[in-house]
Amino acid sequence: MTENGTAGMMVMTMTAIDYDDVEEGTNAKLRYSIEKNVIDENTGTPIFEIEEETGVIKTAVCCLDREKTPDYSIQVVAMDGGGLKGTGTASIRVKDINDMPPRFVPHYFKCINGKQSLILTFTHV
Ligand SMILES: [Ca+2]
Ligand SMILES: [Ca+2]
């Protein structure tokens, strides 16, 4: 996924396998939920959500900032109709978008051949 996206942007799909018979009641009918979510510290709301039936993870908030948090890890649970559970971890890496302009950071002077000259270092963050 990329940074600065809208809420509801698809992140990834979690798929669990249940070897029970899909024809046999709900033995292999899976429902997905997030056991351990990441909370946005500004708003106090969870950052990710999951579609119960498909396992599709989406963003619940907009505008994730890679420069602030480049990686997230959440725990997802798949539960079958009989209440048996399996847990998995989703690692989410936020891809960079060029949203920061280069900035000059004038922070030191250096003496060349006895003359004062200004060295500007330039960092793209
Ligand atoms: Ca099962
Ligand atoms: Ca960026």
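In the hairpin of S3 and S4, five residues lie between the strands, and Gly55 takes a positive phi near 80°. The model is predicted. Everything below is computed from that model, beginning with the sheet that holds this hairpin.

**The S1-S4-S3 sheet**

Three strands make up an open sheet in the order S1-S4-S3, and the pairing is antiparallel. S1 and S3 are the edge strands, each pairing on one side only. From one strand to the next, the twist averages 25°.

Strand S1 covers residues 10–13 and pairs with S4 over three bridges, in the antiparallel sense. Met12 has Ile57 of S4 as its bridge partner. Strand S3 covers residues 48–50; three bridges join S3 to S4, and the two run antiparallel. Here Phe48 has Thr59 of S4 as its bridge partner.

**The S2-S5-S6 sheet**

Another open sheet has three strands in the order S2-S5-S6, again with antiparallel pairing. Strand S2 (31–36) and strand S6 (85–93) stand at the edges; each has a single partner strand, so one side of each is left without a neighbour in the sheet. The twist averages 35° from one strand to the next.

Strand S5 spans residues 71–79 and is joined to S2 by five bridges, the two running antiparallel. Lys36 has Gln75 of S5 as its bridge partner.

Thr89 sits in strand S6. Is Thr89 buried or exposed? Thr89 is exposed, with 11 other C-beta atoms within 10 Å. Leaving out residues up to four places away in sequence, Thr89 touches Ser73 and Gln75. Thr89 and Val76 are 13 residues apart in sequence, yet their C-alpha atoms are 6.0 Å apart in space.

| Strand pair | Bridges | Sense |
|---|---|---|
| S1 and S4 | three | antiparallel |
| S3 and S4 | three | antiparallel |
| S2 and S5 | five | antiparallel |

**The nonpolar core**

The largest nonpolar core has 10 residues. They are Val11, Met14, Leu30, Tyr32, Ile47, Phe48, Ile50, Ile57, Ile74 and Val76. S3 and S5 are the elements that give two or more residues to this core.

Ile50 is one of the core residues. What does Ile50 contact, leaving aside its neighbours within four places in sequence? Its partners are Met14, Tyr32, Ser33, Ile34, Gly55, Val56, Ile57 and Val76. Gly55 is also the hairpin residue with the positive phi near 80°. Val76, another core member, is the residue whose C-alpha lies 6.0 Å from that of Thr89.

Asn4 has a positive phi of about 60°, although it is not a glycine. Asn4 is found in the segment before S1. Asn4 is partly exposed, with 14 other C-beta atoms within 10 Å.

Where is Cys63 found? Cys63 is in the loop between S4 and S5. Its phi is near 65°, a positive value in a residue other than glycine. Cys63 is exposed, with 11 other C-beta atoms within 10 Å.

**The chain as a whole**

How many helices and strands does the chain have? The secondary structure comes to zero helices and eight strands. Along the sequence, the pattern reads β-β-β-β-β-β-β-β.

The chain has 125 residues, and buried residues make up 11% of them. Among contacts with a separation of 6 or more, 55% are between residues 24 or more positions apart.

Notes. Residues numbered from 1 in each chain as written. Chains lettered and ligands numbered in written order. Predicted model: local features only at pLDDT ≥ 70, side-chain atom pairs only at ≥ 80, totals over all residues. Pairing = 2+ DSSP bridges. Helix = DSSP H or I, 4+ residues; strand = E, 2+ residues; numbered from the N terminus. Axes fitted to C-alpha atoms, helices over the stretch in contact; angles between N-to-C directions. Buried ≥ 20, exposed ≤ 12 C-beta atoms within 10 Å, placed from the backbone. Contact = placed C-beta atoms within 7 Å. Core = buried A, V, L, I, M, F, W, Y, C linked by C-beta atoms within 7 Å.
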